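User: I'd like to learn how to read a model like this one, feature by feature. Can you walk me through it, starting with the surface?

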Amino acid sequence: MSNFSSSRLNTRFRLLALLAVICLLSSAFVSAQTTISQGSIQGTVTDPSGAVVSGANITITHKATGQATTTTSSSSGTYSSGGLIPGDYVVRVQAKGFKTTELPVVVQVAVTSSGNIKLELGQESTVVEVQGSAVTVNTEQATVQGVLTADQIDKLPVDGRNFMDLAQLEPGVQIQDGQTFDPTKAGYSSISINGVYGRTPRIEVDGLDISDETVGTTTQNIALSSIQEFNISRSNLDLSTELTSAGAVNVATRSGTNALHGMGFYDFRDRNALTANFAEDVSGYYQRNNFGGRFGGPVIKDKLFFFIDAERQKQDGIVPVAVASFAGSNGGFNSPFRDTAVTGKMDWNVSKDIHVFYRFTYNWNVSESNFGYDYSVYSNKDNAPSHAAGFDWNKGSWSHSFRAGYLKFHNQIAGATAAFNPVPTAEIAAIDTGEVISGPNLLAPQGTLQTNRQVKYDGSKVWRSHIFRFGVGVNRILGGGFASFFGLAPLDYTLSDQSGIPLQDEPFFFGLLGNGQGFFTEKAAFGYPGGGQADTRFQWYVGDSWKIKPNFTLSYGLRYNRDTGRSDSDLAPTPCSVTTLINCTGNLLDQWGPGLGNRVRNPNNNYGPQVGFAWDPAKNGKTVIRGGAGLYYENYIFNNTLFDRPNKLAKGLFFGLGQLNCFSPGGTGSIQFALTPTDVVSKVDGVDLATGVCQQPLSVAGPLVFDLQQEYQAAVKALGPQANGNFVGNDLTLNTRVVGPAFDPNFRTARSYQMNVGIQRQLTRGGVLSVDYIRNVSLHFQEGVDLNHVGDSRYLSQAAALHAINVTASGCAAATSGPTAQAAIDCYIAANPGASIDDFAGNGLDSGFAMSSSFGTTGSPAVAVTNPATNLPFTPDTFAAFEGINPNVGVGEFNLPIGRSVYNGLQSSYKQQVGNPFRGVTQMDLTISYTLSRFKGTGGNDQNFSPLAWDFRNPTGCFGWAAIQRHRKFCVSTAVDLAPSFPRGSAGNGRNLS
């Protein structure tokens, strides 16, 4: 763990602490608090002439529970409720010489609702009820966000009832199947906001984090019937939003009320319910059952309330499989899915000022899936319990919100079976297309665990026309588990064939064999001897919402985030003394570039300023012009840090791969396989690898390669943690094809510069149009680059090239220069009519990466590769012609903080909630959204999962579209309540245009 004690940082902390103390000690008269877990009401009380009314008595009552808080308007006529749980409220204002006025206000999660009230002259005993609307213009905030209410959630026909699917109604948002980026997310959804892949939006329930820190998206499916409100923030995020630059989802769960209430439901769907045919005309079966319900009410009226909820999904079906590599193999496999989510909650109104709650949520599911690997199926199981507790206290001029939570997530992936499995002891793939076709899934077995212990505080205080806000939070996040890739069977490669030859009769050319280990760190965790990761996240913020005028609010603030366990900064530099392959001094990784061997820095200066404004030019609450800009830091998921340590540690039970290359087998004994760094074999079960395995039918080679893997795994297990086959000192290679890239010592946290400007306008009663221009520029996300540029034509070794030509054209005059090399090549071609470039490449006129791979290593230099002709290491002059900048080392892939992407979007929506719109309908909810956008970047489809640069020469030169980019998106949703004389129901529809 790095030390956090620089003098410059201490100076900054002192200044910020002084600012916070000044804010806290200032005289104040009202409180305000809007956070990601609460809403609030703030407004100004005026008389008929528009003059402010001070000293008015204000009572704010929650309709459902009867809890009432009181305050008074300030000398400037302003008031604020403090933090409130979402729901329907009544604001009652009394002042001498004026009629008492009651205003209904809907409080939504993470939203500051306007409560401006104009009093009428008259007796206080006269009560004036002002009409309100559930859909209003937000004149207080610059945040670009959208909220779905409990009523809308109940009515919307969400297919499958996944809570993340609610986000698709908002502009700039796309739904992703979680399995598109990780196999552990089978059965989960994710959301892409503003073009960025859906790994890193922050997901919180009742103000507490449920995000998956290992691979992204959520750790829990939350039952739709338990949700009170669903908020999605897309730009200019609230100061209280935790670490993300990709947007946020904030869910508020339901509570009990003074009335007993409940509901039950059963939804059924099968393949006949308007679903399309499967691909390649594959016939199949599909059926889904969703059922559940909720119940809540009072334990003690106005004081103590309970709420319970449960939903279950039972889905059965066949996943269609269309095999492109081999004709006649189309079909499908059974894929059941079971998901259960339960919630229990208690709310206690301790007093008019204090509200306390406790919530328990448990989600578990099982499924079978393939991660796109045709008939190679795995079983996926998830268990995720979570606890949440909250304490909200509004007293006088203060507002306080405390939250504490605990989450545990456990995922397990095991092998499963499919009907099509021609060689059960092998995973079969086509090397020319990359398609994995059948056999035990290469992702199994594995397990992923995570715990997140979180405490946080949000507070606020108002002084004159300023609303000062401040907060602090700490997360202790532990990750762990194992991933023994290829652990059940080796991956056997053949060539694709459209001629109809049975797959088991195709020849074996190449194999990847798992070593049986599954850890990527040396740290013990969750009962395992390795695989552990730990991070302490510390964050705080200070800010101010300045009511420069009653109709103009300027918000500004500063947020700080720090993680301790995302950059492997605890690892000491690797000295040259760890290897005997080359002679060097200092740090070994400096052989790939000056300074690359230094200790990795931990980013400690992640300060994010932000500013925004909201202006009501007409002063009537019907129009707001809003805008803002800010710097937002991004989460660096644990999966990115997993692959650095195995390269740098000499000892450990780390996952590793062995390669069996059979493309150019020679005679008996010519093909060897390294069980350990010192134990090499050329036979398995007494069968010669070169003549009895290589290029034999898969039905013959598959069982033998499986036995070789068993022997390999046993040898690695016997050797134990005293050696690490991935260690950079063994083969002078840092390669993503084996483990992963190393960190650039100048590690930086990815961030996004965001800006937006837009307008909201009430067009009709209950109908609001929003139009916003959003621009996000993401910088410094990690990209993998081979800094040795192995295979780059700029780094030609003339000696190695001439050697390759002379060995190939051994019967011709020796090549000593360019002209004589051409003559030797012409001579060879004339003597060998079937000659090709492969003849020369096999002898060294090729990339160092390709050459080393042909000998069972991956990107290693000449000194780490054994020449089978001499049983000695190659030399740079006898190895590959394109060995890279430094021929003494191999591929050196480092994660560099150089990534950049840009999103520009025009996002618009129209939302209307209206009663009795026409005959036979008592209420209608309408949502229309449209997005016109462009998203380009250097990170390909998934910029937050350490992508490899497309061009190592110019790693930021390929600036193009991502696959998830949607130039246009159009969505329409309607829900109607029918009159009592008609059956009640709802209808909805959504469309994407791209």
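Analyst: Accessible areas come from the Shrake-Rupley method with a 1.4 Å probe. Keep in mind that this is a predicted model. Here the protein chain exposes about 38000 Å², and carbon and sulfur atoms supply 56% of that area.

User: What share of the residues in the protein chain is buried?

Analyst: Buried means under 20% relative accessible area. By that cut-off, 57% of the 994 residues in the protein chain are buried.

User: Before I go into details, what is the mean pLDDT of the protein chain?

Analyst: The mean is 90, and 94% of the residues reach 70 or more. Over residues 1–32, though, pLDDT is below 50; that stretch still has 69 contacts in the model beyond near neighbours in sequence. Residues 984–994 also stay under 50, with 28 contacts beyond four places in sequence.

User: Now a helix. Which residues of helix H8 are buried?

Analyst: For a helix, list the buried positions and then ask what covers them. In H8 (residues 798–808), the buried ones are Ala800, Ala801, Leu802, Ala804, Ile805 and Thr808. Their cover includes helix H9 (818–831) and helix H10 (837–841).

User: What about loops? Where does Asp644 sit, and is Asp644 buried or exposed?

Analyst: Asp644 is in the loop between helix H3 (638–641) and helix H4 (645–648). Asp644 counts as buried because its relative accessible area is 1%, against a cut-off of under 20%. Leaving out residues up to four places away in sequence, Asp644 touches Asp568, Leu571, Pro741, Ala742 and Phe743. Take Phe743: it is 99 residues from Asp644 along the chain, yet their C-alpha atoms are separated by 6.6 Å.

User: Which residues does Val891 touch beyond four places in sequence?

Analyst: Among them are Trp592, Leu732, Thr733, Asp786, Phe849 and Gly859. Val891 lies in the loop between strand S44 (872–873) and strand S45 (893–918), and at 2% relative accessibility Val891 counts as buried.

User: Let me try a strand residue. Is Phe295 buried, partly exposed or exposed?

Analyst: Partly exposed: its relative accessible area is 38%. Phe295 lies in strand S18 (residues 286–300). Leaving aside neighbours within four places, Phe295 is in contact with Leu260, His261, Gly262, Phe306, Phe307 and Ile308.

User: Last topic, the backbone. Which non-glycine residues have a positive phi of about 55 degrees?

Analyst: Asn194 has a positive phi of about 55 degrees although it is not a glycine, and Asp206 has one of about 55 degrees too. Asn194 lies in the loop between strand S12 (189–193) and strand S13 (202–205), and at 3% relative accessibility Asn194 is buried. Asp206 is in the loop between S13 and strand S14 (208–209), and Asp206 is buried as well, with a relative accessible area of 6%.

User: And where is the cis peptide bond next to Pro445?

Analyst: Look at omega: the bond from Ala444 to Pro445 is cis, with omega near 0 degrees. Pro445 is found in the loop between strand S26 (436–438) and strand S27 (446–463).

Notes
Residues are numbered from 1 along each chain as its sequence is written. This is a predicted model: local features need pLDDT of at least 70, side-chain atom pairs count only at pLDDT 80 or more; totals for chains, interfaces and linings use all residues. Side-chain values use heavy atoms; hydrogens and water are left out. Buried means under 20% relative accessible area, exposed over 50%, partly exposed in between (1.4 Å probe, protein chains only). Helices (H or I, at least four residues) and strands (E, at least two) are DSSP runs, numbered from the N terminus. Contact means heavy atoms within 4.5 Å. pLDDT is the predictor's confidence in each residue, from 0 to 100.
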